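Here is a friendly walk through one protein chain, meant to be read with the model open beside you. Take a look at the sequence and structure first, and then we can go through them together.

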Amino acid sequence: MEWYLKVLRHFADFSGRARRKEFWMFVIINIIIFIITIGLDNILNTTIDKAGNGYINLLYVLTVFIPALAVGVRRMHDIGKSGWMVLVGLIPVAGIVWLIILYTTKGVNGSNQYGPDPKEVSRISTHLGFN
């Protein structure tokens, strides 16, 4: 949950880098909450389509859209790619598959043009007792 809240706290921060762990923990928790909101819409009979999506789910999706986009851009930065690469996901099937491959790629060791290595920053702050 810590990683999910970290993404929400940095909801409009499109600069810097995001580790795979930060990105994927956000995705997993996001999927769980998404499923819960669909369930709530079905229980409360607030669905607006046959797939079970409703007003609660729509509100949730709109709320996390910018944070999800921001963490995706920071994830691209971690592998040394431009944040604009997230637009590859707009290409049906192949774009989404390629984006998943990029999201699972190991980040660049050390600093890159987008900032310091988040793993190193994490290790240093843990060593100094800040975590």
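Which side chains meet in a salt bridge at 3.1 Å, N to O? They are those of Glu22 and Arg74. Please keep in mind as you read that this is a predicted model.

**Salt bridges**

- The count of salt bridges comes to 4.
- Glu22 and Arg74 are both buried; for Glu22 the relative accessibility is 2%, and it counts as buried because the cut-off is under 20%.
- Glu22 also meets Lys6 in a salt bridge, at 3.5 Å from N to O.
- Lys6 is partly exposed, with a relative accessible area of 29%.
- Put together, Lys6, Glu22 and Arg74 are linked in a network of salt bridges.
- Asp78 and Arg17 form another salt bridge through their side chains, at 2.8 Å from N to O.
- This pair links distant parts of the chain, with Asp78 in helix 3 and Arg17 in the loop between helix 1 and helix 2, 61 residues apart.
- Asp78 and Arg17 are both buried.

**The nonpolar core**

- The largest nonpolar core has 16 residues, and those touching the most other members are Tyr4, Phe26, Val71, Met76, Val86 and Tyr103.
- Two or more residues of this core come from each of helix 1 (2-9), helix 2, helix 3 (55-78) and helix 4 (94-104).
- Helix 3 gives the largest share of the core, with 5 residues.
- Setting aside neighbours within four places in sequence, Phe26 is in contact with Tyr4, Val7, Leu8, Ala68 and Val71.

**Aromatic pairs**

- There are 3 aromatic pairs by count.
- Tyr4 and Phe26 make a stacked pair, because their ring centres are 5.3 Å apart and their planes meet at 15°, which is under the 30 degrees used as the cut-off.
- This pair also links distant parts of the chain, with Tyr4 in helix 1 and Phe26 in helix 2, 22 residues apart.
- Both members of the pair, Tyr4 and Phe26, are buried.
- Phe23 and Trp24 form an edge-to-face pair, with 5.0 Å from centre to centre and 90° between the planes.
- Phe23 is buried, with a relative accessible area of 6%, whereas Trp24 counts as partly exposed at 26%.
- Phe23 and Trp24 belong to one aromatic cluster with Tyr103.

**Surface and far ends**

- Met25, Ile28, Ile32, Ile36, Leu40, Ile43 and Leu44 make a nonpolar surface patch of about 650 Å².
- One of these patch residues, Ile36, is found in helix 2, which covers residues 20-43.
- Ile36 is partly exposed, with a relative accessible area of 47%.
- Lys119 is found in helix 5, residues 118-127, and counts as partly exposed at 31% relative accessibility.
- The C-alpha atoms of Lys119 and Thr47 are separated by 42 Å, and the two residues are 72 residues apart along the chain.

Key: Residues numbered from 1 in each chain as written. Predicted model: local features only at pLDDT ≥ 70, side-chain atom pairs only at ≥ 80, totals over all residues. Heavy atoms only, no water. Patch = residues over 30% accessible without salt bridge, like charges linked within 9 Å, V, L, I, M, F, W, Y side chains within 5 Å. Areas by Shrake-Rupley, 256 points an atom, 1.4 Å probe, with all protein chains shown as cover. Helix = DSSP H or I, 4+ residues; strand = E, 2+ residues; numbered from the N terminus. Buried < 20%, exposed > 50% of the residue type's maximum accessible area, 1.4 Å probe, protein only. Core = buried A, V, L, I, M, F, W, Y, C linked by side-chain atoms within 4.5 Å. Contact = heavy atoms within 4.5 Å. Phe/Tyr/Trp six-rings, centres within 6.5 Å; stacked < 30°, edge-to-face > 60°.
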